[in-house]
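Biologist: I'm new to this one, so please pick a single part and give me a close look at it. Tell me how it sits among its surroundings, and then step back to the whole chain.

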Amino acid sequence: MSTFQTLVDRIREAAEEPDPRGAVRAVLGDALEEAEALRGETPPDGPDEINLYEDDRVSIWRSRFQPDVLMPAHEHQVPVLIACYSGAEKSLLYARNGEVLQQTGTVIAKEGEIIELPEDAIHKVTAEGTRPSEALHVYFGPLTRLDRALFDPESGKTLPFTMANFEALKQSTGNAAG
Ligand SMILES: [Fe+2]
């Protein structure tokens, strides 16, 4: 069984625990101890984002971000744990201020680190540095079935979360990919 499949099974079990976030964080901590295996099973030329599993409790994604592309501001509506196993994943955090978005900070999940974003987080995402980031994302809800918003980078207005809008709103970071 692949390392990712074993991990999905363990995360699903952990999500049933009384403290799902604590239990899943512990599983992700174990997984990062074997980051080499995760890197070995992540094809460099495969898709950047893969949905490994989803049910009502958890959605598990493998996500690669490129240093020259900034993913558009979006919300999740559920907490998420981000466990980075290669490179570094950078989130630019935003808060709604009336009709516009205001940047409130930056958080980086470096290789070997786990960060948590709360359910009301809004972020843009990219890879910090010159190489892609690779991470496991565990969302505590059925991510693809939530009615989530994207935010226009110019006006800050909300737009429906569709793949067409997501693609159209990607920005360049100005950092060359290494
Ligand atoms: Fe996100």
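Modeller: Let's start with burial: a residue is buried if 20 or more other C-beta atoms lie within 10 Å of its own, exposed if 12 or fewer, and partly exposed in between, with C-beta atoms placed from the backbone. Helices (H or I, at least four residues) and strands (E, at least two) are DSSP runs, numbered from the N terminus. Bear in mind that this is a predicted model, where local features need pLDDT of at least 70 and side-chain atom pairs count only at pLDDT 80 or more, while totals for chains, interfaces and linings use all residues. Residues are numbered from 1 along each chain as its sequence is written.

The part I'd pick is strand S8, residues 122-127, which is mostly covered, with six of its six residues buried. Look at which way they point: Ile122, Lys124 and Thr126 go to one side, His123, Val125 and Ala127 to the other, and both sets are buried.

Two strands pair if DSSP finds at least two bridges between them. Strand S5 (residues 88-97) runs antiparallel to S8, joined by six bridges, and in this part of the model tyrosine 94 sits opposite isoleucine 122. S3 is antiparallel to S8 too, with three bridges between them; there, histidine 74 has histidine 123 of S8 as its bridge partner.

Glutamine 77 is partly exposed, because 17 other C-beta atoms lie within 10 Å. Its phi is near 75°, a positive value in a residue that isn't glycine. Most residues other than glycine have a negative phi.

Alanine 164 counts as exposed because it has 9 C-beta neighbours inside 10 Å. From its C-alpha to that of lysine 90, 74 residues away along the chain, the separation is 23 Å.

Now the step back. The chain has four helices and twelve strands, and buried residues make up 33% of its 178 residues. Its C-alpha trace spans about 45 × 40 × 25 Å along the principal axes. Count two residues as in contact if their C-beta atoms, placed from the backbone, lie within 7 Å; among contacts between residues at least 6 apart in sequence, 75% join residues at least 24 apart.
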